[in-house]
Amino acid sequence: MNRVGRSILPALACAVLLAACQTPAQIQKRDIGAKLHYEIGVDALSKGDLPRAFSELMQSDKMRPDQPDVLDALGVAWRMRGDLNKADAYYRRMIRQPHLSPRNYTNYASLLLQMRHYKQAEAMARKALNDPRYANQDLAMINLGDALLGQDRFNEAIAAYRQALQVNPDSLVAVLHEAQAYARYDRDHYARALYETKLRQLPGNRALTEALLALLKKQNDMDAARALLENYRDLHKSDPLQKAWAEDELNQLDQP
């Protein structure tokens, strides 16, 4: 063995001994500190303070490595920062750990969908759905629908979106995704019916209005598009930003 190897081995042995010799009180203190850094990091993440979030979450990971929720939060942070590959690296670490929660799988499925890794996203969505106690099963079902649609499995995707609506009848996202699936496969009339039905329940909803407007333009139904925007503008008279958006869209309709 060379001189460098002989010098490294005692150091490694000391490190192992130190880790093994930690008292229960020291371990508890470490775990409490790691949890506190995680909670502060998640709070910073929810407020959009990415530098603070990274600092706290990385400290938590250093103190107690490979905790699934910490790795999940770091994946979310890197995704918010726009680096999908680094986000994926944290999630790959995460799925090697035991005792993952359905939320962990759901978050990873969402990233994989953004990266267009549809088969992997399907697998993660199905893992999230393995636990019938999961409170946000509709989100996992929507992810599953998107993953199936990305593989051109249209009928299965529609079934997943409808199952999400059975679990959560108020899910606007499920309706939007189902309608967008119909529009993607040139079933515009059914997509339009879905949008219009939901808009009667949620008059003036911006997301629904934008989606229906895009479809009406695709169908070249400018009269209906104009009526939609005028109604939206009238419903938002007291909101200058929403009113300005509607008027700008109306002006664009009038341009040749």
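Reader: Before anything else, what makes a helix crossing left-handed?
Author: A crossing is left-handed if the near helix is turned anticlockwise from the far one by less than a right angle. In this predicted model, α9 crosses α10 in that left-handed way.

Reader: Where are α9 and α10, and at what angle do they pack?
Author: Helix α9 covers residues 154–167 and helix α10 covers residues 172–184. They pack at an angle of about 160°, and their axes are 9 Å apart.

Reader: Are they roughly parallel or roughly antiparallel?
Author: Angles over 145 degrees count as roughly antiparallel, so α9 and α10 are roughly antiparallel to each other.

Reader: Which residues make the contact?
Author: From α9 there are Phe154, Ile158, Tyr161, Arg162, Ala164 and Leu165. From α10 there are Ala174, Val175, His177, Glu178, Ala181 and Tyr182. Sorted by class, this contact has 9 nonpolar, 1 polar and 2 charged residues.

Reader: OK, another pair. How do α13 and α14 cross?
Author: Helix α13 (residues 222–235) and helix α14 (residues 240–254) cross at roughly 160°, with axes that come within 9 Å. α13 is therefore roughly antiparallel to α14. The crossing of α13 past α14 is left-handed.

Reader: What touches what there?
Author: On the α13 side, the residues are Met222, Ala225, Arg226, Leu229, Glu230, Tyr232 and Arg233. They meet residues of α14, among them Gln242, Lys243, Trp245 and Leu253.

Reader: And how many of each class?
Author: The contact of α13 with α14 has 8 nonpolar, 1 polar and 7 charged residues.

Reader: Changing topic: what volume does the largest pocket have?
Author: About 220 Å³. Its lining includes Asp31, Lys35, Tyr38, Arg64 and Pro68.

Reader: Which element gives the most to that lining?
Author: α2 does, with 5 residues. The elements that give two or more residues are α2 (24–46) and α4 (68–81). By class, the lining of the largest pocket has 4 nonpolar, 2 polar and 5 charged residues.

Reader: What about the second largest pocket, how much space lies in there?
Author: About 150 Å³. Leu113, Tyr118, Asp146, Leu149, Gly150, Tyr161, His177, Gln180, Ala181 and Arg184 line the second largest pocket.

Reader: Which elements give two or more residues to it?
Author: α8 (137–150) and α10. α10 gives the most, with 4 residues.

Note on methods:
Residues are numbered from 1 along each chain as its sequence is written. This is a predicted model: local features need pLDDT of at least 70, side-chain atom pairs count only at pLDDT 80 or more; totals for chains, interfaces and linings use all residues. Side-chain values use heavy atoms; hydrogens and water are left out. Axes are lines fitted to C-alpha atoms, for helices over the stretch in contact, and angles run from 0 to 180 degrees between N-to-C directions. Angles under 35 degrees count as roughly parallel, over 145 as roughly antiparallel, 65 to 115 as roughly perpendicular and the rest as oblique. Contact means heavy atoms within 4.5 Å. Ala, Val, Leu, Ile, Met, Phe, Trp, Tyr, Cys and Pro count as nonpolar, Asp, Glu, Lys and Arg as charged, and the others, Gly among them, as polar. On a 1 Å grid over the protein atoms alone, a cavity is a set of points where a 1.4 Å probe fits but cannot get out, and a pocket is an open set with protein on both sides within 12 Å along at least five of seven lines; lining residues have an atom within 4 Å of a point. Grid points are joined across faces, edges and corners, and a volume is the space filled by probe spheres set on the points.
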